Structure formats: structure tokens, C-alpha cells
Amino acid sequence: MLIEIHLIQNFAPANLNRDDSGMPKDCEFGGFRRARISSQCLKSNIRKSKAFAARVEAGFRTKRVVNVIQDILTNDYSFQENDALVLSKSIAKSVTNKIDEKDNKTQYLYYTDKDELKGIIEEFIKIQEENAELKNLIGIASNSETKPKALKDAESKIDTETEKALSKYLKVNAHKINSIDIALFGRMLADQPSMKIDAACQVAHAISTNKVSMDFDYFTAIDDLNPEEETGAGMIGNLGFNSSCFYRYASLDVNKLMSNISNKKEQAILGILGYLEGTVEAVPTGKQTSFAANNPPAYVLVTISENNMPVSLANAFEKPVMPTSKLSLSEKSTQKLLEYFNQIKTLYDLNYVKEFEFGLKVDTEANIFPASSFKEMNNKIEEYLNQTL
């Protein structure tokens, strides 16, 4: 099953997603300069959205996983703090290969959840129950008075056992995860290929349906405590911005999502709904205190198919959209989207088992906006998923 979501979203002047120079990101498409919001930015905002958080318990991406494991060991498994630190460092190394001994950070971000970490810990505890010497080794490694050679030998033996624990965990859980966000967006662990999670979703860079021109805001700030005889600004600057109507596209392979989370139906449905709601809610936060461009989508189309190839409708806007006397930029963009959508369906004989849509109800000659609501659309999608998954 493939779920695809298409959005038309018009933003007031903003600098939602900046490049390395502080300017709004852009690109060339169809021979014209367009505004752009990166897929990484959109995915981050989906993960952090209230709608997504209300549906699922998300994982976390961190270099501070040693601290997380240590807290789990002390709070959930009654380890002494020093012993917990030794074991948490060893577990972190078994996954990421290396940690910085100065601050106990891993060499790269580890995207994980507490269930996965607990699973590895429990495999280690099983090994420890069968190996009485292991507990003594942890005590030796956590003792500040232990001589360097004995410390190194103890840590090496503990590392060997944590690697065994990880291997046992992965025999059952290779390429599996509990957290929906990791199952959706995937992860890559160079040192542990069997922990790789192939993403169930694809998120495109949002591009403007219209040709874009960059504008600049020249601003000054006054020193409130300036003496009367002193004039001039305390700070002068320029800020780039633009106003654009975006086409956004994302797809979700439901079968892949189910595989990633070991076919847990209820969890999958919650994840799909959270993902769809989060996608609609996700507004980048860049420079929002300066612009407050909190503009929700004007139109949303969600399609469900069984055997279709994924199809982005971005080429509907290969020629930039221009508003008319009767249709605004977002209305004209929606019209072009639906015209292209109908052409593509016919051209490639695409068969969508369900199409859900909602948008602003306006009086247009094309009669393109349905009289529906976001909540109503979600309820229909949830009902369909419960019947089919």
C-alpha cells in the first residue's frame, strides 16, 4: 500500500529555511528560480510537531547516548552509578565503534529509542547471569584505583561481552525498531549495517509554484542607553526573505513501515495518522519571530494505491504559476495541480483505491475546493486503514 500526500501552501513574506549565507534556500526548476524548503527541514518539523507527538512516542538522535544508557541502568536496573557508566560506555562503543573519553560522546549521532537500548541491556544481563566473573570485571573497571593494565584488560573483556549481547539482540531485531519516527525516516549506522533501517517514507524538497525574487529587509537597532549627544544606530543589518506558494510532496510505503515495526497494526495506524497530520502542521521555524508566516496549507490531496508507482506532481509547475483576476496564486496552483493529476492518471493508467482531499472553500469557476475539513479527512483515512491493514 502506497500513501501519497500533495500540498499547496502559500506563505507570507518569510525566511523559513536558510542557506549558509542566511538567505532563504532556493533552486532552479523549469528554467526559473524557485523558493525551496529542504526535505530535512520538513522532516524535522514533522517529527517535532504537536500532531505527531500526540500520536506516537518518538525516538531520539544524540551523541549523548552514554548518559541515556547510564540513566536506564541506574533507574530501571538498579546498577551503581560507576558500574552503570562502565557498562553504558561499552554498549555505546559496541554500536558506534568509538566514544570520546573526554566527554563520553559517540563519534556520530545515534538515532535510537529506549526500547532498543533496554533490549541490548537485557541481553547483557542474561550473559552476566551465566558468567559470575563479569560482574567482578565491571567492579574492577569502575574502581578508580585499578591499575592501567588491569583496567584495560577488564574493559576489553566487558567490550567482548557487550558485543555478544548486541549480536544476540540483533538476531531477532535486525532492521527492526519500535519507534515510528525511525521506522518512517530510517537511519544509517556505518559500524552496524544490520541496525540500518530503510525509511518507509520519502519527503521531497518543497518548491515554489511561482517564480521567486529575493527581497531584503534593511534594519537598524538603537542603543536604548545612548547619551542624547550620540546619534546613529547600535546595529545595522540586512535580512533576506521572499513570499512563495509551495508545492509539497511526500509518500509512505505502508508495507515497509509494517515490516520495520514487526507488523504492529495499531502502532502503524497511529504512526500514519501522526505522519499525515504532522506533514500538514509542519511549518518551518526559521526567522518566525521576525515574520510570523504561520500559514497552513490551502489544499491537501491524499491518495492511496496498491500497485501504483509513486508520482510527484511537481511538473505541474514546470511553467511558473501566475495569479489571474479571478484566481489567486494558491487557487491557480491548486487548479494546475488537479489538471496535471488527472492527466497523469490517464496517461499511466493509475488506479487509486482512495482519494481524500480538503481545502479552503472558495467560489471559483473551476469549483476545485471540496467542502470538507482536515478532521473529516483524517477520520475517513483512519476508518479505511482499520478496514484494510
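Visitor: What kind of model is it, and how are residues numbered?
Guide: It is a predicted model, in which local features need pLDDT of at least 70, side-chain atom pairs count only at pLDDT 80 or more, and totals for chains, interfaces and linings use all residues. Residues are numbered from 1 along each chain as its sequence is written, and side-chain values use heavy atoms, leaving out hydrogens and water.

Visitor: How many helices and strands does the chain have?
Guide: There are 13 helices and 12 strands, taken as DSSP runs numbered from the N terminus (helices: H or I, at least four residues; strands: E, at least two).

Visitor: Where is Arg47 found?
Guide: Arg47 belongs to helix H1, residues 39-47.

Visitor: Buried or exposed?
Guide: Arg47 is buried, because its relative accessible area is 17% (buried means under 20%, exposed over 50%, partly exposed in between, with a 1.4 Å probe and protein chains only).

Visitor: Which residues does Arg47 touch?
Guide: Not counting residues up to four places away in sequence, Arg47 touches Phe52, Gly59, Arg61, Tyr111, Asp181 and Phe185; contact means heavy atoms within 4.5 Å.

Visitor: Back to the whole chain: what does its C-alpha trace span?
Guide: The C-alpha trace spans about 80 × 75 × 35 Å along the principal axes of the chain. Of the 389 residues, 49% are buried.

Visitor: And what share of contacts join residues at least 24 apart?
Guide: That share is 74%, among contacts between residues at least 6 apart in sequence.
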